[in-house]
There are 2 protein chains.
Amino acid sequence: MALKNKSLYAILGILNVSPGTGYDIKKYCDTVLSGFWNENFGHIYPTLKKMLVDELVEIVESEKSEKKIQYQITPKGQMELEAWLMEDTETQPMRSEFMLKLIFSSNQPKEHIIKMLEDYKQIHVEKLEKYLDMQHDLEQGIEEITKERTSFLKALLRRGVLSCEATIRWCDETIDSGL
Amino acid sequence: MALKNKSLYAILGILNVSPGTGYDIKKYCDTVLSGFWNENFGHIYPTLKKMLVDELVEIVESEKSEKKIQYQITPKGQMELEAWLMEDTETQPMRSEFMLKLIFSSNQPKEHIIKMLEDYKQIHVEKLEKYLDMQHDLEQGIEEITKERTSFLKALLRRGVLSCEATIRWCDETIDSGL
DNA sequence: GGTTTCATGTAACATGTTACATGATTCT
DNA sequence: AGAATCATGTAACATGTTACATGAAACC
């Protein structure tokens, strides 16, 4: 049973940065972690409830209102997070539907393959722009983040940039090759 | 309901290259598609049975023996495959446990972070070597593959190479930065 | 004769996504 | 006043993984 609920660790990590609601956690995934991690509500809310029972998180009573439930990490939660951070990360199997489709497309019309590659390139051009914008914002110090965390966010964005650039380069090369 | 069983398409695509057993399909994923797609038996066998009922595949009776069941794609299966190949591919959300861990590691000891990055680099160095070997084998024409398919396999491997190189470069940069 | 690879399959479990329901608050 | 965003949650469904059971055939 090498399966572990990674959503739990994502939530612990996010709440360790700052307390927040389930909604905040989702937003964090969609912005800061976008391109590297995603969560959906169908996972976040039930997981938070389970974590509450396990005392990995607790409700910030002072912030509690009718519709808003603010969670914060507990010392036990921090220990759990720490343990996970120290663990080796197993490489996870990849599944790229695009590459799967491409490899089976040798009999497809060339125009269609070129279009596939151009669309794929476009997606990565836009993604690259987004990372560059985020990099710019980070340099300007728009948000209030500790110096420590800033360098980690920079590394994250740099990874996104290099990865997009590699993909774009590959698309160009492959389109040029005519296959 | 935008969910589609992609294993089905992977199986159709593989059987469209050449007929084979469930075991063969798994092997194909672990070799040719490794790094881009994976399947496990718990998915392959039940899916094959379902596909048989739906007449997307059929059993090659002449090759049938007690333990070995060889499948081939049917015309209906080819139509289904074709339709999928023509469809736009939606971008799928990414989940990198390594990046998730890194982003939450700003309070971890520097040595541990460097070790994480070095391990991660090593994995990609080995992966790169594997792709380069496969590229070499393909150039030598070791296997019997049509010219058409060869250029697609080359593109696939080239993607793997560029992607590994980008990751290795990022690891080096990040280690050098000292974060 | 023993080990590895080939070969099929299932049950239990774990994870992930979508659609829907509900309503408050904030912005324009 | 109406639209967008904030906010929580569940049920149904879809997907994915592991562990186990079984045994033949090929290799050394």
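Trainee: How many salt bridges are there between chain A and chain B?

Mentor: This is a predicted model, and a salt bridge here requires a Lys or Arg side-chain nitrogen within 4 Å of an Asp or Glu carboxyl oxygen. One pair that meets this is B:K6 with A:E97, whose closest N and O atoms are 3.4 Å apart. Between chain A and chain B the count comes to 6 salt bridges.

Trainee: Which element gives the largest share of the side of chain A that touches chain B?

Mentor: The elements of chain A that give two or more residues to that side are α1 (6–17), α4 (75–86), α5 (97–103), α6 (110–140) and α7 (147–177). The largest share, 16 residues, comes from α7(A).

Trainee: What area do chain A and chain B bury between them?

Mentor: The contact draws 60 residues from chain A and 61 residues from chain B. Of the area buried between the two chains, 61% lies on carbon and sulfur atoms, and in chain A the residues that lose the most to chain B are A:R95, A:F104 and A:F152, together 13% of what that side buries. The area buried between chain A and chain B is about 6,400 Å².

Trainee: Which residue caps the N-terminal end of α1(B)?

Mentor: Helix α1 of chain B covers residues 6–17 and is mostly covered, with 9 of its 12 residues buried, and what covers those buried residues includes α5 of chain A. At its N-terminal end, a side-chain oxygen lies 3.1 Å from the backbone nitrogen of B:S7, and B:S7 is itself among the buried residues.

Note on methods:
Residues are numbered from 1 along each chain as its sequence is written. Chains are lettered from A and ligands numbered from 1 in the order in which they are written. This is a predicted model: local features need pLDDT of at least 70, side-chain atom pairs count only at pLDDT 80 or more; totals for chains, interfaces and linings use all residues. Side-chain values use heavy atoms; hydrogens and water are left out. Contact means heavy atoms within 4.5 Å. Buried area is the accessible area (1.4 Å probe) that two parts lose on being put together, summed over both. Helices (H or I, at least four residues) and strands (E, at least two) are DSSP runs, numbered from the N terminus. The expected span of a helix is 1.5 Å times one less than its number of residues. Buried means under 20% relative accessible area, exposed over 50%, partly exposed in between (1.4 Å probe, protein chains only). A polar contact is a pair of N or O atoms within 3.5 Å; within protein, one must be able to donate a hydrogen and the other to accept it, and residues adjacent in sequence count only if both atoms are side-chain atoms.
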